[in-house]
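Open the model in your viewer and keep the selection tool at hand. The tour goes from the whole chain to single residues.

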Amino acid sequence: MRVVIAGGHGQIALRLERLLAARGDEAVGIIRNPAHAADLEAAGAQAVVLDLENSDVDAVAEVLKGADAAIFAAGAGPGSGPARKDTVDRGAAALFAEAAERAGVRRHIQVGSMGADNPENPDVSEEFRHYLRAKRAAEDDLKARDLDWTILRPGQLTDDAGTGLVLLAEKTGRGSVPRDDVAAVLAGLLDTPASAHRTLELISGEATIGEAISAL
């Protein structure tokens, strides 16, 4: 498979690129900073320098042309203000999905956020509510498109070594999950038709990743 990943230098994306390269797939990571290209190449991926905040749909569709799948794993990141959360977590996600439609890339996975189903939650900070609003808007945009989409909402991300044991379901409850396992689940979902048109939550659990994906 040729898989194009938006946010190609992110911590999950780099792990995913290594997994895809190891199994013989072609990973293409979209990055904004050309200095990050060497990290993608070391992971076995091809780097494409393109700023999704300042690109048009034709430029992004050109990168997606000929791909078998697209994964949106970009984010404005901690410390970013409401404006960038809107332009990246919502705007760039919508642009990437529109470009996928235009390029004819039907398989589309978006990394969402647990809590996006309740973006006005009074128990979280106002900054986090801005983030959840942007992620919810991106999810709503994707669901309205003619794509074979899957939204994956991981729990609290950790840098612990992956265990390969997860809980993957429409509702999991709160929990944490290593980035290693998120990347492995994304790789497994790519060729799982049963995950299309579903929003799934992911935390550490007791099922192997293969079992969790097969159960879908």
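Where does UniProt place the feature "domain: NAD(P)-binding"? The unreviewed entry puts this feature at residues 7-193. UniProt positions follow the numbering used here, feature names are shortened, and annotations may be inferred rather than shown by experiment.

Before selecting, note that this is a predicted model, where local features need pLDDT of at least 70, side-chain atom pairs count only at pLDDT 80 or more, and totals for chains, interfaces and linings use all residues. Residues are numbered from 1 along each chain as its sequence is written, and side-chain values use heavy atoms, with hydrogens and water left out.

**Whole chain**

Show the protein chain as a cartoon. It has 7 helices and 11 strands. Helices (H or I, at least four residues) and strands (E, at least two) are DSSP runs, numbered from the N terminus. The radius of gyration, taken over C-alpha atoms, is 16 Å, close to the 17 Å that the globule rule gives for 216 residues, so the chain is as compact as a globular protein of that length. That rule is 2.2 Å times the number of residues to the power 0.38. Along the principal axes, the C-alpha atoms fill a box of roughly 40 × 40 × 35 Å.

Colour by accessibility. Buried residues (under 20% relative accessible area; exposed is over 50%, partly exposed in between; 1.4 Å probe, protein chains only) make up 50% of the 216 residues. Now turn to contacts, meaning heavy atoms within 4.5 Å. Of those with a separation of 6 or more, 67% join residues 24 or more positions apart.

**The annotated span**

Select residues 7-193. The span is 41% helix and 20% strand. Its end C-alpha atoms lie 24 Å apart.

**The largest pocket**

Show the surface next. The largest pocket has a volume of about 1300 Å³. Select A73, A74, G75, A76 and G77: of the 45 lining residues, these are the closest to the pocket centre. Then pick out α1 (11-22), β2 (26-31), α4 (82-103), α5 (126-143) and β7 (156-158), the elements that give two or more residues to the lining. α4 gives the most, with 5 residues.

A pocket is an open set of points on a 1 Å grid over the protein atoms alone, where a 1.4 Å probe fits, with protein on both sides within 12 Å along at least five of seven lines; lining residues have an atom within 4 Å of a point. Points are joined across faces, edges and corners, and the volume is the space filled by probe spheres set on them.

Colour the lining by class. It has 19 nonpolar, 16 polar and 10 charged residues. Ala, Val, Leu, Ile, Met, Phe, Trp, Tyr, Cys and Pro count as nonpolar; Asp, Glu, Lys and Arg as charged; the others, Gly among them, as polar.

**Single residues**

Select Q11, in helix α1. Q11 is partly exposed at 43% relative accessibility. Beyond four places in sequence, Q11 touches D159 and R179. C-alpha to C-alpha, Q11 and A73 are 9.3 Å apart.

Go to T150, in strand β6 (residues 148-154). Is T150 buried or exposed? At 0% relative accessibility, T150 is buried.

Finish at H197, in the loop between α6 (179-189) and β10 (198-204). Phi of H197 is near 60°, a positive value in a residue other than glycine.
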